[in-house]
Amino acid sequence: MSERGALLAQFPRERTWLLPALQAVQRAERWLSADALEAVAAHLRVPASEVWGVASHYPELRLTRPGRRIVRVCTGVSCHARGGRDLLGVCAERLGLRAGETTPDGGVTLEEMDCAFACAVAPVVEVDHEPRGRVTPGDLETLLTAPAAHRALPAATIAPPAQRALSGPPTTRFAALGREAERRRTGARLVVGAGTCGLAVGARETLEALRLEVQRRTLPFTVVAAGCNGMCWAQPAVTVVREGQAPRVAGPVAAGDVPRLLDALAAGRLSETGADYLARQQRALLERCGVTDPADIADAIRHGTYATLARVLADGTPERIIEQARASGLAGRGGAYFQAAVKWAACRAAAGTPKYLVVNGEEGEPGIFKDRHLMEADPHRLLEAALLVAYAAGASRGIVYVHGEAELSAERVAAAAAQAREWGLLGERILGSDFSFELELRRGAGGFVLGEETALLESIEGRRAMPRTRPPFPVEAGLWGKPTVINNVETLFAVPSIVERGGAWFAGLGGGHGTKLFGLSGHVNRPGIVELPLGATLRTLLDELGGGSSTGRPIRAVVLGGPSGSLVHARQFEAPLVPRGPVNPGTGGVVALDARASVRDAVRTLLAFNMRESCGKCTPCREGTARLLAMLDGTPDREGVKALSEVVQVASLCGLGQAAPLAVLSALAEFPDAFGLS
Amino acid sequence: MRGRMKLAIDGRAVELPEGATVLDGVNRLGIPLPQLCKDPDGAPLGACRTCLVHVEGQKGLPAACHLPARDGMVVSTEHPDAVRVRRGVLDLTLSMLTPSPERAGFAQVGDAAARHGLLEPSQAPLHRFDVDATKSFFVLDREACILCGRCTVACGEVQQIGAISLVGRGHATRVGVFGDGAMAASVCTSCGQCVATCPTGALRPKETPAKIVRRVETTSARTAASAAASRSACSRGSRAGGGAPFFKPTNAWP
């Protein structure tokens with residue numbers, strides 16, 4: 001059997017495997033040739049034209065042969081603000097290519113990226129899918145010539161528990177796992193922020209240097225590769241974790257700084273970085289990010305993960321979880337703020353089995369990178385949350401859908417799920433209870449519209465990501481027509497604490513809305529991920545947490561909530577960020593633009609993104625976004641823009657189209673001068 | 001009486017069975033509401049967004065085709081908001097099309113636009129295409145296509161053939177076959193379902209079917225030729241499908 005044949009033979013001959021099969025072939029062959037597409041079509045028994053329809057629909061699938069090296073420069077709003085377009089220009093000149101072209105010898109392909117989702121270390125350049133952050137034009141020569149090597153972090157092997165309690169109630173069984181986790185406890189730890197942001201700015205090198213140096217000095221520390229604690233600006237960061245002491249963070253720590261760091265630590269003179277950054281937040285979802293070891297379930301259990309699940313399985317009920325969630329006011333953090341408990345209750349009440357839980361970890365919105373942070377830093381919490389929600393909603397099967405480019409998130413969630421299975425926390429009869437839950441990982445292939453839940457379901461079923469008409473709603477008839485709950489990663493992250501501490505606790509934060517993650521990027525001194533109660537202001541986010549403008553010029557505008565969000569003027573920076581309020585936080589992306597940045601460029605970037613990401617199904621979005629963008633050439637006709645925007649907003653089938661004109665409308669209202677209007 | 005619902009649409013009473021949509025009511029009353037992507041025998045697609053109506057006490061303008069009818073609903077197809085936004089959608093729709101004598105008024109689209117006082121689109125089309133006349137009995141004329149998707153559903157889900165599909169994304173979406181090749185290179189069996197359901201005449205019968213003898217020759221010759229063309233287009237064409245034989249963007253949208 002050919003290599004490709006062997007690859008395809010792994011997939012059952014069902015349409016749902018279309019996207020995974022195309023991705024597998026692309027991973028092996030670097031692109032999808034006509035031959036390859038025909039082979040996939042034949043194996044899965046899907047008509048060739050429909051395979052073509054799907055392959056030509058997802059932006060990350062390559063239908064032309066790329067160069068041996070692929071250089072991608074991010075020109076999203078955050079990277080643009082930080083000089084991404086200049087980097088693209090330098091690359092273009094150096095390679096003699098325009099974006100989208102390949103050198104005649106097939107050596108290098110140069111591409112422009114909408115977002116690398118590492119906005120806090122902007123500007124970002126990817127070589128062979130290895131992101132590099134804080135890139136300066138001077139770095140490019142090395143980046144373009146040095147051989148890129150994708151070096152995975154050395155994977156820790158986590159042994160299954162030596163013995164598992166095979167009888168008794170869930171609490172007894174879980175207590176045995178707790179003892180096993182305790183037995184493996186190591187003393188003091190040096191935790192390196194090895195999330196996407198950290199790795200893009202040298203965390204791998206810091207980690208290696210730290211391991212060597214600790215070994216050489218025979219220091220009583222265990223070196224751990226964790227996720228980011230949200231202090232992307234201080235990456236690569238090293239957190240010192242000692243029993244009974246508050247963690248202390250130092251950063252950035254380059255590989256060369258490691259000896260000095262250890263000297264300072266030995267002398268008890270470690271200078272702490274950004275303690276106020278953490279102290280000013282209310283970290284419920286982020287509590288273990290950057291502290292716990294994402295690759296070790298024992299560490300997760302020592303930090304309290306899965307304890308809530310064990311208690312619920314012992315003496316809780318699905319109804320009580322739904323009740324707590326209802327009382328908490330938890331609403332969808334994908335940006336739509338729909339009450340989570342309503343979905344779970346409806347799914348529970350719906351007829352049909354099996355029921356599904358889909359975890360939306362697609363996060364395809366430029367300017368926000370929170371879900372990646374959560375999945376990379378604390379994947380076991382995601383699993384515990386998924387288990388609790390599945391239990392509440394009556395779901396027995398789950399799919400975690402992770403963005404195709406979010407390698408690290410996918411790797412860590414997959415490893416966590418494998419460990420959870422070995423430890424009896426996933427699969428059949430979890431902790432000996434009657435509750436069984438199977439979880440599967442799927443990868444996206446790009447597409448902002450996957451934030452729309454029915455488009456996501458279409459994608460899982462092996463179709464073009466085009467939203468369905470509603471009703472029926474997914475909770476009645478979702479994946480393969482079965483009742484399905486779809487929750488965003490951040491929404492799920494709030495669940496274990498809500499179940500543990502009660503709905504009233506969460507509702508007590510943020511005036512009934514709870515806490516929310518925000519991604520700070522653009523012209524701020526301290527870009528990163530922070531958690532604050534909803535109702536916080538942009539002023540707090542930008543000044544107290546973001547550390548103010550990075551350019552010395554005042555921050556004049558914020559792109560809030562990405563391409564579906566709006567342009568916020570500085571005079572609204574004191575307004576509380578409340579869902580459906582006058583300043584709606586959306587997904588929580590906060591891109592600061594200083595007084596010199598072009599609001600017009602930002603709006604064009606956002607609208608062009610919406611136009612490209614339109615799935616093509618409904619007329620107002622598909623045609624209207626393109627026409628709107630054209631209207632921004634020259635001085636726009638304000639009334640014309642408003643009239644067309646109304647059509648796109650009101651008539652579009654899904655949220656992508658309905659929100660697509662918001663950036664333009666808000667910018668015209670708040671920054672008319674940027675368009676030559678008064 | 002259980003399972004019957006009474007609605008008022010444009011001030012007229014209509015009674016509908018459970019499970020009916022508002023569009024069913026509109027059609028029962030014979031109100032001329034555009035419904036370009038709705039095959040009378042098929043499930044709603046929700047793609048054309050032209051059957052927008054106003055419902056008393058409800059925000060926005062829902063599409064009647066996938067709006068469940070409820071007892072006591074008061075619906076207006078003539079509400080000024082509904083007419084204004086619908087007209088905007090029809091303008092965007094009409095702006096996709098390139099007029100020509102063979103395209104005689106674009107059937108349902110032309111009628112709907114005219115009823116909304118639109119005789120001319122406000123903008124020129126974003127894309128130009130050649131007519132695919134490689135099949136013996138019908139043509140696929142993408143310059144008359146509004147991407148409603150009815151043909152692809154008829155081909156794939158009704159007839160279970162799957163010769164055509166929506167391909168590409170964004171405004172570069174088009175109806176096509178594998179590799180953006182010619183219709184004749186596909187598995188199309190000329191069943192005619194796509195032609196029957198097309199609301200604009202983009203898929204239409206050929207005026208004079210080719211002579212039998214000639215058809216056999218040309219079909220086989222063209223099949224081979226266009227299969228080759230589709231393959232080379234596939235390996236050569238850009239991501240958006242540029243370079244493919246039947247897809248020519250008119251201007252360089254980013």
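Across the interface of chain A and chain B, 19 residue pairs are in polar contact, both partners at pLDDT 80 or more. A polar contact is a pair of N or O atoms within 3.5 Å; within protein, one must be able to donate a hydrogen and the other to accept it, and residues adjacent in sequence count only if both atoms are side-chain atoms. This is a predicted model: local features need pLDDT of at least 70, side-chain atom pairs count only at pLDDT 80 or more, and totals for chains, interfaces and linings use all residues. Residues are numbered from 1 along each chain as its sequence is written, chains are lettered from A and ligands numbered from 1 in the order written, and side-chain values use heavy atoms, leaving out hydrogens and water.

**Interface**

The count of salt bridges between the chains is two. A salt bridge here is a side-chain nitrogen of Lys or Arg within 4 Å of a carboxyl oxygen of Asp or Glu. Glu646(A) forms one with Arg84(B), with the closest N and O atoms 2.5 Å apart.

Five helices of chain A each supply at least two residues to the side that touches chain B: H3 (34-44), H4 (48-55), H25 (599-613), H26 (619-631) and H27 (638-651). Helices are DSSP runs (H or I, at least four residues), numbered from the N terminus. H26(A) gives the largest share, nine residues. By class, this side of chain A has 25 nonpolar, 12 polar and 12 charged residues.

Contact (heavy atoms within 4.5 Å) links 49 residues of chain A with 51 residues of chain B. The two chains bury about 4100 Å² between them, 58% of it on carbon and sulfur atoms. Buried area is the accessible area (1.4 Å probe) lost on being put together, summed over both parts. In chain A, Trp52(A), Arg622(A) and Arg627(A) lose the most area to chain B, together 17% of what that side buries.

**Cavities**

There are eight cavities of 30 Å³ or more. A cavity is a set of points on a 1 Å grid over the protein atoms alone where a 1.4 Å probe fits but cannot get out; lining residues have an atom within 4 Å of a point.

| Cavity | Volume | Residues closest to the centre |
|---|---|---|
| Largest | about 140 Å³ | Met96(B), His127(B), Phe129(B), Cys145(B), Leu147(B) |

The lining of the largest cavity has seven nonpolar, three polar and three charged residues. For the second largest cavity, the lining divides into 10 nonpolar, five polar and no charged.

Methods:
Ala, Val, Leu, Ile, Met, Phe, Trp, Tyr, Cys and Pro count as nonpolar, Asp, Glu, Lys and Arg as charged, and the others, Gly among them, as polar. On a 1 Å grid over the protein atoms alone, a cavity is a set of points where a 1.4 Å probe fits but cannot get out, and a pocket is an open set with protein on both sides within 12 Å along at least five of seven lines; lining residues have an atom within 4 Å of a point. Grid points are joined across faces, edges and corners, and a volume is the space filled by probe spheres set on the points.
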